[in-house]
Amino acid sequence: MGMNIDRRKFVIGAGVAAASLSFGCAPSNAGSSSSNEPEQDMEAPEGPLYGNPGTFESRAAGRNGDVNVSVTVAEDGIQDITVESKETVTIGKFAINERIDHILKTQSIATDTVSGATFSTFAFYKALNAALEEAQPIETEYLNRKAPYEPVEYVTEADLVIVGAGGAGLTAARKAVDAGASVIVLDKNGVWGGNTNCMAVGPNAAGSKTQEELGSTFTVDDFYAFQTEDPLAQPDLVEALVSTSGEMIDWYHDVVGMEFELDDHNPSVVKMKSYFPDLVDRDAPSSGVLAVDTVSKQLLDNENAHLYKNITASELVQDDSGRVVGVVATDANGVQNTFTGKAVILATGGFGFNHEMIDAANPALATAGTDEVAPTSGDGIIMAQTLGAGTVDMGELENSGYMVCMMKASMYLGEADCGWNPDLHRGIPRGIFLNLDSVRFTDETNFTRETILGQPEGRVFHIFPATEDTIRDSVERAIELSIVKRASTAADLATGLGLDPDAFTAVLDEWNAGARDGVDNQYGRTDEGVVALENDICGYEFQNTIHYCMGGLTIDPEAHVLDESGAPIAGLYAAGETTGGVHGGNRRDGSGISDSLTYGYIAGRNAAAEVLA
């Protein structure tokens with residue numbers, strides 16, 4: 001393009017929790033304008049790799065049930081791997097199939113879980129390695145090496161570069177291609193969709209003919225009033241959201257080809273419809289999964305769209321005039337490329353895994369965990385701030401203070417599991433809560449978010465009895481995944497949880513002295529959750545969790561990113577959870593995915609119009 005590039009360097013994801021272990025295979029529609037060689041692989045040994053060839057089977061607990069693996073092994077390596085599971089078609093099964101391809105090509109069995117599908121791929125590797133033990137691995141150093149992935153031939157120039165392939169980024173890409181623009185989409189995850197895959201409800205929307213034909217009476221005025229109840233929500237951004245949401249829904253219906261239905265419980269929500277026969281645990285996947293699956297497949301089949309996974313953008317590129325025209329990104333092999341265009345759209349999500357950003361934005365939540373699946377670390381916000389971008393409402397973090405069955409590894413157990421009584425308001429936990437010092441600090445039936453956050457490191461443990469009522473399917477899977485620990489003695493459970501055995505045992509002895517008679521000697525509980533904790537007991541760690549970041553980059557209703565003075569940064573757009581101002585301090589159910597899809601639609605439409613003008 002004949003430009004002088006101003007590369008302003010900074011660190012992406014400083015202080016981010018170790019959430020992403022993703023190293024994926026080459027994307028299916030790689031282009032041909034840039035190629036780099038990966039790091040050198042270890043030379044294969046001359047002798048046999050396995051001492052007991054044959055076909056072996058094993059299983060491990062995945063997110064939705066058992067992952068059953070069958071592997072056929074010859075002396076010179078693995079010949080075939082088949083998997084049966086209930087994992088989600090477009091997430092878990094997709095990621096497992098990529099792992100299989102890589103293993104068969106490289107014979108590397110080093111555990112590479114895929115960000116966005118961590119539970120599924122971890123279960124796959126656990127089962128695979130258990131099965132391979134029977135094959136008697138010989139050259140273990142070679143087999144457990146971290147083999148590089150096939151070098152990718154990237155298309156590095158297009159009309160638009162989009163960072164992030166969740167609901168916002170994919171919608172922006174699809175709308176831009178629809179308008180005639182070429183796009184490059186970069187995502188650091190190993191599966192498409194990011195946290196949009198977790199959005200169970202459909203988007204809030206109003207004014208579409210699709211909803212009208214379904215019998216909806218929810219109006220644009222209703223949506224505006226609903227969305228502006230929070231005083232921090234910016235009226236101009238809300239106006240753009242609600243007035244465009246219907247257009248977005250009709251476009252998804254008429255152009256993308258999605259089917260919709262009204263939500264029985266929420267008149268503002270229009271759910272996406274589709275059915276996958278092998279999704280056995282649900283009648284239909286979530287609206288988020290449907291949108292991601294449909295749009296990503298269409299883009300992968302489009303010659304004007306170039307999608308790349310497992311590649312992390314770290315730097316925005318400007319031309320001589322200061323216009324943003326690209327990004328620098330590094331792939332799973334450590335190969336760095338510069339991707340250029342005429343504008344950039346940031347759709348990298350929030351910053352739930354970036355504890356430094358959380359601490360700076362809202363110190364009271366510095367110890368909170370997150371239930372996000374994608375390793376959101378504020379990449380787009382950090383890159384844009386380097387160019388002087390403004391931010392708004394950064395401290396407004398949706399804190400799921402009562403998600404007490406939230407596992408530290410982003411896994412939920414229902415209130416009917418893990419010792420909670422589903423018939424009582426908010427549930428009554430069986431057993432007790434302890435902090436890192438093995439101190440029981442609250443009446444478990446009346447705790448608050450602040451109570452949890454005030455404990456050392458914000459970390460708390462729920463100790464409950466292993467009974468027929470508490471050990472449900474999801475708890476059994478969590479035990480297999482070592483998220484829930486189970487033991488026959490207090491000392492063994494304490495060791496499994498990383499707590500002091502003597503202090504832990506003393507607390508349980510004190511509790512049991514009264515609990516055997518249904519009495520809580522410390523806080524006076526007399527509910528049915530007061531039960532003895534002896535012989536067969538379980539425990540797991542939970543935290544308050546950051547569920548959604550309402551704050552982010554400052555944008556205008558056209559999705560331009562604004563600098564600190566309120567002026568647009570030339571060539572830079574943003575959409576979805578990367579931005580702030582749409583929700584104020586309260587994200588309504590259905591409005592998160594509405595924000596992502598609608599502002600993705602706005603950003604893709606406006607950026608394409610600008611670069612094609």
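How many helices and strands does the chain have? It has 15 helices and 26 strands, where helices (H or I, at least four residues) and strands (E, at least two) are DSSP runs numbered from the N terminus.

1. Basis. This is a predicted model, in which local features need pLDDT of at least 70 and side-chain atom pairs count only at pLDDT 80 or more, while totals for chains, interfaces and linings use all residues. Residues are numbered from 1 along each chain as its sequence is written, and side-chain values use heavy atoms, with hydrogens and water left out.

2. The chain overall. Of the 613 residues, 58% are buried (buried: under 20% relative accessible area; exposed: over 50%; partly exposed: in between; 1.4 Å probe, protein chains only). The chain exposes about 23,400 Å², and carbon and sulfur atoms supply 46% of that area (Shrake-Rupley method, 1.4 Å probe; for residues, only the protein chains shown count as cover). Among contacts with a separation of 6 or more, 72% are between residues 24 or more positions apart (contact: heavy atoms within 4.5 Å).

3. A three-stranded sheet. The order is β3-β4-β5, the sheet is open and the pairing is antiparallel (two strands pair if DSSP finds at least two bridges between them). β3 (54-61) and β5 (77-85) are the edge strands, each pairing on one side only. From one strand to the next, the twist averages 20° (axes are lines fitted to C-alpha atoms, for helices over the stretch in contact; angles run from 0 to 180 degrees between N-to-C directions). β4 (residues 66-74) is joined to β5 by eight bridges.

4. Salt bridges. The whole structure holds 23 of them (a side-chain nitrogen of Lys or Arg within 4 Å of a carboxyl oxygen of Asp or Glu). R323 pairs with E610, with the closest N and O atoms 2.8 Å apart. R323 sits in the loop between β12 (311-318) and β13 (324-331), E610 in helix α15 (residues 591-612), and 287 residues separate them. R323 is buried at 18% relative accessibility; E610 is partly exposed at 32%.

5. Two loops joined. In the R430–E528 salt bridge, the closest N and O atoms are 3.9 Å apart. R430 is in the loop between β18 (397-400) and β19 (432-435), and E528 is in the loop between α14 (501-515) and β22 (537-542), 98 residues apart. R430 is buried at 15% relative accessibility, whereas E528 is partly exposed at 47%.

6. A network. Salt bridges also link R440, E444, D520, R525 and D527.

7. Aromatic pairs. There are ten (rings of Phe, Tyr and Trp, its six-membered ring, with centres within 6.5 Å; planes under 30 degrees apart are stacked, over 60 edge-to-face, the rest tilted). W251 and Y601 pair edge-to-face, at 5.4 Å centre to centre and 65° between the planes. W251 belongs to helix α7 (residues 235-256) and Y601 to helix α15, 350 residues apart. W251 is buried at 5% relative accessibility, and Y601 is buried at 3%.

8. F433 and F542 have ring centres 5.2 Å apart and planes at 70°, so the pair is edge-to-face. F433 lies in strand β19 and F542 in strand β22, 109 residues apart. F433 is buried at 0% relative accessible area; F542 is buried at 1%. F433, F464, Y540 and F542 form one cluster.
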